[in-house]
Amino acid sequence: PEPVGLANNRFFCYMNAVLQSLLSLDSLNQYFYKGIHPNKLAIKEKCFALHYTNIIRKMVNSAPFSHIDYSELKDIISGRFDPYYHHDSQEFLRYFLSELQDELNSKPPKLFSLENLSLANAIETYDNAFNCVIDKNFAGLLKSEIRCGHCKTHSVTYNPFLDISLHLHKTSKTKLKKLLNEFFSPFKIPSYDCEGCGRRGKAEI
């Protein structure tokens, strides 16, 4: 199909960039466009899922090379993203995905633990608690393994995430692979209470 654009306001460039990226994800947009999301979703003024669905339908029904307005979405985020202050795309993306996640996971998740499980069991446990389209497209599990400095006991846990923060260096020559290696490299913690030996001391994570 021919492209349709988004009206770009100078105060909302960050939002425009995020929406363009999300609107390119077919598996995400088919979910909303075809009405797969739960019919029991609360219909209220501040409903991110419904406003995003409306944006997709406007895009589909608009003439080629035209542009659409998404003022309704701007209105419901104005309390969090004041147009007269600086914001960035990652900040908005994280907020937007979290709101969609909360709305689409229709049942409040039960308390659960992701400690000392196999990867397969951790994934199954998380999927049973959070199974909406946002989780399926964006969520992951970050494995953390702590080794006691005294008894060498290993403790494993998995932490859900929608994004990770990488430390960008001043030089533009830093490669993504190097940043990821730094993020996942082990480091020492000065004080750790070991459940294996019951002692407090140094550990490596």
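Contact here means heavy atoms within 4.5 Å. With that in hand, welcome to a short tour of this predicted model.

**View 1**
Start at Val-18, which sits in helix α1, residues 13–22. Val-18 has a relative accessible area of 4%, and buried means under 20%, so this residue counts as buried. Setting aside the neighbours within four places in sequence, you will find Val-18 in contact with Ser-89, Phe-92 and Leu-93. Look for Phe-96 as well: its C-alpha atom is separated by 9.3 Å from that of Val-18, although the two residues are 78 residues apart along the chain.

**View 1. Helix α2 packed with helix α3.**
Two packed helices are described by the angle between their axes and the distance between the axes. Here, helix α2 (residues 26–33) meets helix α3 (residues 48–61) at an angle of about 100°, and their axes lie 9 Å apart. Angles of 65 to 115 degrees count as roughly perpendicular, so that is the description for α2 and α3. On the α2 side, the contact is made by Leu-28, Asn-29, Phe-32 and Tyr-33. Helix α3 brings Ala-49, Tyr-52, Thr-53, Ile-56, Arg-57 and Val-60. Sorted by class, the residues in this contact of α2 with α3 are seven nonpolar, two polar and one charged.

Strands of a sheet pair through backbone hydrogen bonds, either parallel or antiparallel. In this open sheet the four strands follow the order β4-β3-β6-β5, and the pairing is antiparallel. Strand β4 (154–161) and strand β5 are the edge strands, each pairing on one side only. From one strand to the next, the twist averages 40°.

**View 2. Strand β6 between its two partners.**
Zoom in on β6, residues 200–204, which is joined to β3 (residues 140–148) by two bridges, the two strands running antiparallel. Four bridges link β6 to β5, residues 188–193, and this pair also runs antiparallel. Ala-203 of β6 is a handy landmark: it is the bridge partner of Cys-148, and it stands opposite Ile-189.

**View 3. The hairpin of β5 and β6.**
Follow the chain from β5 into β6 and you pass through six residues between the strands of this hairpin.

**View 6**
The protein chain has eight helices and six strands. Reading from the N terminus, its elements run β-α-α-α-β-α-α-α-α-β-β-α-β-β. The radius of gyration is 21 Å, well over the 17 Å that the globule rule gives for 205 residues, so the chain is more spread out than a compact globule. Along the principal axes, the C-alpha atoms fill a box of roughly 65 × 45 × 35 Å. Of the 205 residues, 31% count as buried. Among contacts between residues at least 6 apart in sequence, 57% join residues at least 24 apart.

How values were computed. Residues are numbered from 1 along each chain as its sequence is written. This is a predicted model: local features need pLDDT of at least 70, side-chain atom pairs count only at pLDDT 80 or more; totals for chains, interfaces and linings use all residues. Side-chain values use heavy atoms; hydrogens and water are left out. Axes are lines fitted to C-alpha atoms, for helices over the stretch in contact, and angles run from 0 to 180 degrees between N-to-C directions. Angles under 35 degrees count as roughly parallel, over 145 as roughly antiparallel, 65 to 115 as roughly perpendicular and the rest as oblique. Ala, Val, Leu, Ile, Met, Phe, Trp, Tyr, Cys and Pro count as nonpolar, Asp, Glu, Lys and Arg as charged, and the others, Gly among them, as polar. Two strands pair if DSSP finds at least two bridges between them. The radius of gyration is taken over C-alpha atoms; the globule rule is 2.2 Å times the number of residues to the power 0.38. Buried means under 20% relative accessible area, exposed over 50%, partly exposed in between (1.4 Å probe, protein chains only).
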